[in-house]
Structures are given as structure tokens and as C-alpha cells.
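Work through the exercises below with the sequence and the model side by side. Try each task before reading the solution that follows.

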Amino acid sequence: MNLKKHIAHHVRDIPRSGKNVISLGIGEPDFNTPWHIREAAIYSLEKGRTGYTSNLGLPKLREAIADYVFANFGIRYESQTEVLVTVGVSEAIDLALRALVNPGDEVLYHEPCYVSYSPSITLAHGVPVSIPTFARDNFRLTATELEKKITGASKVLMMNFPCNPTGATQTREELEKIAALCVRHDLVVLTDEIYSELTYEGARHVSIASLPGMRERTIFLHGFSKAFAMTGFRIGYACAPAILTEAMMKIHQYGILCASTTAQDAAIEALEQGAPDVETMRREYELRRNFVVSSFNEMGLDCFKPFGSFYVFPSIARTGLSSQEFSVRLLKEKSVAVVPGTAFGASGEGFVRACYATSHEQLKTAMTRIAEFVRETKAARAAA
């Protein structure tokens, strides 16, 4: 059997990573989890806290989550009935979709977006309906574009702001327009706010769940991976009206039972004592963002300055290459890895995602290599 012919062409043609590759592809903090959080996990093990917890999660953690969400987002949840601790936000997304979606229900989501959204909708037997966002709007979701996609089958709106992959954020004014549409068309909102602590230049994150009439129709999703640099702990949470939390918990208890006790104890420490660490990392990310955005614009690749997350989404249209061609050739010729914009949906064509969660020295080298690649590509195109 010739297995090679069964491998997708775009995968078969990608070279394996070589030596001295600088990866701007993986969306993971380069910081270690702060020591006091790791120490809390160690102490949890030393105390022998290795059994199951409640399906909903440790009561102390749920109380800490409820307090944190109220203090930082202005939304009050009852810790005993409206907070569910999950194995990362990815599980929370899956639980929410499976708890809400019947076969044939349409789930709206903005694009470019996190790669798992459309597959997660499909796995929940829903119909994915993408809403394009545009560079001219700094990749914000607009009520105008949302309204074009709403039909009688629409049931859920998924949102992720600050956004992976674009770094886009939403204004309160636009969120109010979107909220009005959700109320008018009786949509439930899933809002994934995993990057909410990572905003820049004084931009204040606003959760759609905090707006009038939205708490009762919103599932608020958050976690610890990005702002607290705790990706490997796999710990997240969902906050929602009790009837929705109960529906998600039914699925969670049979599929997962509970999140790791060790990770839950570490999460308590993060919420109670981790704010200074988050701010230290946030300031460093902002410096890196400024450098990377300036670098892309100086080499002639238009790149808007995002106000959140740790990604930039520059246009590579001036090179004459597709997103896939640009990414593959950049890796092969200059040993720098970025992600093609099309990985995040068809509307990502003409862009690439670069993650700046890596050291400043690595970023300087990467930007130099990319600038060389752009110059060489433009010169070759001009000579052709």
C-alpha cells in the first residue's frame, strides 16, 4: 500500500524543522509558571491531595474564581452553582457546545479564529457559520457583519476577544450593538476570554457578559494558560446561569469527572497571589509587540497594532505569495516558523500569524531573517 499518496499535499510538501529554527508559531508563553504557583502544586502533592474533587471543582477554587471574575469583569456568579472547573478552556468550549447544540443548529463565529472552533461545532453536530472580520476594522467583529449571517436556525454566537490569531479587541460600543442582536434573535453567547489580562496601551477589556441583558444568555469561558503561563496545568473554567452549568456538568462528570486536584490547588494560588506576575509578563509582551509590529511595517508588510493577546497578523500580500507559500518558504529558506493565515479560516488568506511570546533576542533574529526573505522575494518577483 502506498501510504504517501494518502497524505495531504500541503502537509507532504512542508519540510521538517531544521536546525536553528526560530518558532513564532506556537501560542504558548515563554515564561515559566511563577515559582509560588509551582510551589503550591508541589505542596499539594506533599500533603497527599491526590484524590478526586467535586465534579464542579474544589469549592475554594470556585469561590476564588467567582471573586476574580467579579473583581476583573464586573460579573457576579454564585460559586456553588454557576462555576464549573474544566480541563483547560478547550474542554469548556466542548462542554458548552454539546450542552446547547442540537443537530442542525447554526453556531456563528468570527473568522479568522482559533483553529478548534469550527471542528468543535461540527463534533457537537452543529453547523459552523463563519463571519468574516477585516483588516480595515482591525479584525473586530461588527454587528453589521454578524446580522448578515443570522438565520432562523442560528442558536449560538462564539466570540474570542482578545483574539487568537489577530490580537483584535472589541470596543464597548460595538459589543453593545452585538448584544442587542443577540437579545433580539435569542442567541446564546459563548465568550472565550482567555487573553483578557493581556491588553496594551491602557485598553480596558470589556466582557459581553457584563452588559445589560447578557449575563443570563452568556457562558463566560476563561482559564490560566496564557496570562498565568500555566499551559501544562490544563485548568480552565466556565461561568454561566445555573441551568447551563448543570447541563455542562452532566457531560463533564461522565467524560472527565474532575480536573486535576494538583492543578486546582495551583490555580487557587494563581488567583490569590498571581496578579504581580501577570503584570510583569504583560509589560514584557507589550514591549515585544511594539518591536514586532514596527519591524513588520518597516519591511513593507502592513501590520496593525493589536491591543490584546500575544500575536500579530501581518499582511503578506505585497510579496505576491499565498499564506501557505510564504510560511513554507520562510521556514525552508530562513528557518523561521509562522502560521499561515488560512489555518484560521479562509478569510485569513493573505496574512500570517506570528507569536511574540519568545525572547527579545529571538525576535530580533527572526525579524532580520523575515526582512531578508521579503527583500529577496520582492527582488525575484521584480526580475521575473
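Two strands are said to pair if DSSP finds at least two bridges between them, and strands themselves (E, at least two residues), like helices (H or I, at least four), are DSSP runs numbered from the N terminus. The model is a predicted one, in which local features need pLDDT of at least 70 and side-chain atom pairs count only at pLDDT 80 or more, while totals for chains, interfaces and linings use all residues. Residues are numbered from 1 along each chain as its sequence is written, and side-chain values use heavy atoms, with hydrogens and water left out.

**Exercise 1.** Work out the strand order of the open sheet of three strands.

Solution. Begin with strand β9 (residues 311–312), which pairs with β12 in the antiparallel sense over two bridges; here Tyr311 has Cys355 of β12 as its bridge partner. Next take strand β11 (residues 339–340), which also pairs with β12 in the antiparallel sense over two bridges, with Pro340 opposite Val352 of β12. The order is therefore β9-β12-β11, and because β9 and β11 stand at the edges with a single partner strand each, one side of each is left without a neighbour in the sheet.

**Exercise 2.** Determine which way the residues of strand β12 (residues 352–355) point, and whether they are buried or exposed.

Solution. In a regular strand the side chains alternate between the two faces of the sheet. In β12, Val352 and Ala354 point one way, whereas Arg353 and Cys355 point the other way. All of them are buried, a term that means under 20% relative accessible area, with exposed over 50% and partly exposed in between (1.4 Å probe, protein chains only).

**Exercise 3.** Describe the open sheet of seven strands and the helix that packs on it.

Solution. The order is β2-β8-β7-β6-β5-β3-β4, with mixed pairing, and the edge strands, β2 (83–86) and β4 (127–132), each pair on one side only. Within this order, strand β6 (residues 188–192) and strand β7 (residues 218–223) pair in the parallel sense over four bridges, and Leu190 stands opposite Ile219 in β7. Helix α4 (residues 88–100) packs on the sheet, touching β2, β3 (106–111), β5 (154–160), β6, β7 and β8 (236–239); contact here means heavy atoms within 4.5 Å. The direction of α4 makes about 165 degrees with that of β7, where axes are lines fitted to C-alpha atoms, for helices over the stretch in contact, and angles run from 0 to 180 degrees between N-to-C directions.

**Exercise 4.** Describe the surroundings of Asp192.

Solution. First locate Asp192, which lies in strand β6. At 6% relative accessibility, Asp192 counts as buried. Next list what Asp192 touches when residues up to four places away in sequence are not counted: Val89, Ile93, Tyr117, Met159, Asn160, Phe161 and Leu221. Finally, a polar contact of 2.7 Å joins the side chains of Asp192 and Tyr117; such a contact is a pair of N or O atoms within 3.5 Å, and within protein one must be able to donate a hydrogen and the other to accept it, while residues adjacent in sequence count only if both atoms are side-chain atoms.
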